[in-house]
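Grab your viewer and work through these exercises one at a time. Try each task on your own before you read the solution.

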Amino acid sequence: MFYPISISILTILFYYLSKKRKRCDDASSIKLNLPPSPRTIPIIGNIHQLGLRLHQSFYRLSSKYGPLILLNVGKKPVLVVSSAEMATQIVKTHDLVFANRFSTKVAKVIFCGVNDIALAPYGEYWRKVRKFCVLELLSIKRVQSFKFVREEEVDKLIEKITCSSRQRETINLTEMLFSMLNNIIFRCSLGDNFKKDYTDRFVELTKKADTLLASFSFEDLFPWLHWMDTLTGLTGKLRRISHELDIFFNQVIDDHLLSRSHVDHDKHDKRNFIDLLLDHADQNNLDLTRDNIKGIILDGNSYQSQQQATDKSTVTATRMFDRLHTITTTDPYEKLMCIHNPDNDTLIRNFPNPLTILAEDDQTAKDISLNPDRKTSIRIFRPPAELSVTNKLPIIIYFHGGGFILFNAASTMSHNFCQSIGAHLPALVVSVDYRLAPESRLPAAYDDAVDALNWVKSQALDTSNGEPWFKEYADFSRCFIMGCSAGGNIAYHANLRAVEMDLEPVKINGLILHIPFFGSSKRTESELRLINDLYLAPSLSDVMWELALPVGSDRDHAYCNPSIDDGESSRIKVGLMNRCLVMGFYGDPLIDRQIQLVQMLEENGVKVETCIAEGGFHGVAFHDPKILETLLEKLKQFI
C-alpha cells in the first residue's frame, strides 16, 4: 500500500533536483577561465589529496597540474601559486584583488570580529589604522621613546645573570632572554603598571589563544556542519577564552582611563600603545572601539608568542657546522672551544650547544631519570598524535654524538633528529643522556648504555606501572640499538654487552651505526687524504680520544679500535650480534675505519647492510635536509 506514496515522493524529489541543476547550469552559463583543478570528491573536495606536510602536497600537485591550481577544500576555493612570476603578479600587480585574508571562526572570536589590523578587510578602516600604526605606534620617534624600557629590562637581565653566576647557579639563558623580550613588549603595549601577575595572566591567555588559532573548525570548511564545533568542544573553548580576554582587557583599559587624569604622559612622552589608542579614540580620529583596541594589541602580542615558540625549536646544526667551518686555527682545543684542566681532569665547554627545553604539555617527548646516582637520564620520543598509530612500534635506543665530550640528549640537534626518527618510521625512541668525558671517562658511557637497556627491559616486565607510552605502543620484540658518531661507538659496545645480558622479553633485532667513531694509532688513507678536514680533522679526533679513553691508554685500546682483541672473547661476542646497518660518507675522514669495521663484522658472521654515499662530510645529515630524508628512509627499510 506504500508503493504509490514512494513513487510520488521519488517523483517530487527528482523534479526538485532537476530544477535545481537547471538553475545551477544557467548560473554557470558564463564560462570562467579557472585554473586547472584536480578531480574532487563530493563534500570534501580535494582534502583527500593533502597530506600532513602541505608544502610537499602542493609541490606534488603543481608538478602535475602547473604553477596555478584551484583546490576545493570543503566549500572553500583555494588558489595555490607555485611560481615566483605569478606570485609577483598577485602580490604586486593585483594586490588589491587579493588584499583580504580568509578569517577563520577562531580568528573572528579571538580578534573581536577581526577588528584588528592583520585580518581586517581591506577598506577605509584598515587604511586609517595602518596609517596610524606607521606614523604613531611604530614610528622611529615612538621606538626611540621606549629606549628607557629596553635599558631597564637589559639591566635587570644582566643583574640576574651576575647574581646567578656568583652563586654558581645553572641558568636557562633562552628562557631569560624571551622573558626580557616579553617584558619589553608588554610594558610598551600596556604600560609600567603591567605587574607580574598581569604578565603571567596575559601570557597564559595568549598561549591559549594561539593554541585555539591552530584548531580545526568544521564551520570554516563545511558551514552546514557548524554544530560539530559544539560537539568537539571548540565553541565552548572559544566562548571561555573570549570572556577571559574581555575581562582582562576591560580591566587594563579601565585602569588606564582612571590613571590618565593623574599622569602627564606628554611631559616625557612615555605613553604606551594603550594610551595612544585611547587618545585617538577620544579624538575620534579613528572611531576606535574597545574591540578595535583589543584586536590591535592582540596582533602584536600573538605574533610575539608564536615567534618565541618557533625560535625555540629552530634547528641549530647549521650554526654548529658553520662554527667549525670558519675557524682556521690549528689548535684542536681552540677549535672545539674547550679548556682542559688536567689537575682535576675536567673540561670547560664553550662550544655552542643550544638546548630544546620540553614544555610541560609536550605530547611527543618527555624526560625520565635513568640513574639518579650517576645523574643520567633519558629523553623518550613518540610519533605525533596526528599519525594515528594503531600498531605496536619498534624501539630505538639512541646515543648522540659529540666525541664523548660534547652535547647531550637535550641538544637541539639531537632532539630534532630523534623527533624525526620517531615521526618518520614511526617508532619509540629512547635517547640516552650518558655521562661525558673527561669527567667520566670510558667505559662510563658504556655502563650508562647498559642502564638504558635494563630500563627498557623493566618496561617490558612492568605491565601495570610502567611508562604509559611504552605500555601502549612498544613492541619489545623489535628493539634496535643506534648511535651517531661517538654514539655509534657506544651503540657498538652496548650491543657487545647486550649479547651477554638476559634482556627477555626484549629482543635486540639490529645495530644501527651512523658515521661511527673509531680510531687507532696508525692513520688510514682517508685520514691522510682529509688531514685538514674542516669538520672533523684527525687532530680533533685525537683530542677527543685523549679525553675519553682511560688515563694512560693510547688509540689502540679496544674501546677505540674494534680490531683489537681485549682478551674478553670479544670476537665471539661480535659473532653473536644480530644484523647491522652502517651508514657513512666518502668525504668523512673516518670512512676507512667504518669500512674496516664492516669487513670485521662480516668476517665474524654478522649480516651487514651498508649505505655509503659519495661526497658529504662527518655529520652532513644534520646539515642537509635531503640527505637526512634519505637516511631516514634507509633506516625505515632496515627496521
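## Exercise 1: a salt bridge within a helix

The side chains of Lys-147 and Glu-151 form a salt bridge, at 3.8 Å from N to O. Here a salt bridge means a side-chain nitrogen of Lys or Arg within 4 Å of a carboxyl oxygen of Asp or Glu.

A word on the ground rules: this is a predicted model, where local features need pLDDT of at least 70 and side-chain atom pairs count only at pLDDT 80 or more, while totals for chains, interfaces and linings use all residues. Residues are numbered from 1 along each chain as its sequence is written, and side-chain values use heavy atoms, with hydrogens and water left out.

**Task.** Work out how Lys-147 and Glu-151 are placed in helix α7.

**Solution.** Step one: find helix α7, residues 147–166. Helices (H or I, at least four residues) and strands (E, at least two) are DSSP runs, numbered from the N terminus. Step two: count along the helix; Lys-147 and Glu-151 are four residues apart, so about one helical turn separates them. Step three, for context: searching the whole structure gives 27 salt bridges.

## Exercise 2: α7 against its neighbour

**Task.** Classify the packing of α7 and helix α8 (residues 173–190) from angle, handedness and contacts.

**Solution.** Step one: the angle is about 155°, and the axes are 10 Å apart. Axes are lines fitted to C-alpha atoms, for helices over the stretch in contact, and angles run from 0 to 180 degrees between N-to-C directions. Step two: α7 and α8 are therefore roughly antiparallel; the cut-offs are under 35 degrees for roughly parallel, over 145 for roughly antiparallel, 65 to 115 for roughly perpendicular, and oblique for the rest.

Step three: the crossing of α7 and α8 is right-handed. That label applies if the near helix is turned clockwise from the far one by less than a right angle, with anticlockwise giving left-handed. Step four: look at the contact (heavy atoms within 4.5 Å). Among the residues of α7 that take part are Phe-148, Val-154 and Ile-161, and those of α8 include Leu-173, Met-180 and Cys-188. By class, the contact of α7 with α8 has eleven nonpolar, one polar and six charged residues. Ala, Val, Leu, Ile, Met, Phe, Trp, Tyr, Cys and Pro count as nonpolar, Asp, Glu, Lys and Arg as charged, and the others, Gly among them, as polar.

## Exercise 3: reading the open sheet

**Task.** Which strands stand at the edges of the open sheet, and what packs on the sheet?

**Solution.** Step one: write down the order of the eight strands, β5-β6-β8-β7-β9-β10-β11-β12, with mixed pairing. Two strands pair if DSSP finds at least two bridges between them. Step two: β5 (365–371) and β12 (608–613) are the edge strands; each has a single partner strand, so one side of each lacks a neighbour in the sheet. From one strand to the next, the twist averages 20°.

Step three: zoom in on β7 (residues 393–399) and β8 (residues 428–433), which run parallel and share five bridges. Phe-399 has Val-432 in β8 as its bridge partner. Step four: helix α21 (residues 486–498) packs on the sheet, where it touches β7, β9 (474–484) and β10 (508–514), and its direction makes about 135° with that of β9.

## Exercise 4: two hairpins

**Task.** Where does a positive phi turn up in each hairpin?

**Solution.** Step one: β1 (residues 68–73) and β2 (residues 76–81) pair in the antiparallel sense over six bridges. Two residues lie between these strands, and Gly-74 has a positive phi near 65°. Step two: β3 (residues 338–341) and β4 (residues 346–349) are antiparallel too, over four bridges. Four residues separate β3 from β4, and Asp-345 in the turn has a positive phi of about 50°.

## Exercise 5: cis peptide bonds in loops

**Task.** Where are Pro-426 and Pro-505, and what is omega at each?

**Solution.** Step one: Leu-425 and Pro-426 are joined by a cis peptide bond, with omega about -10°. Pro-426 is in the loop between α18 and β8. Step two: the bond from Glu-504 to Pro-505 is cis, with omega near 5°. Pro-505 is in the loop between α21 and β10.
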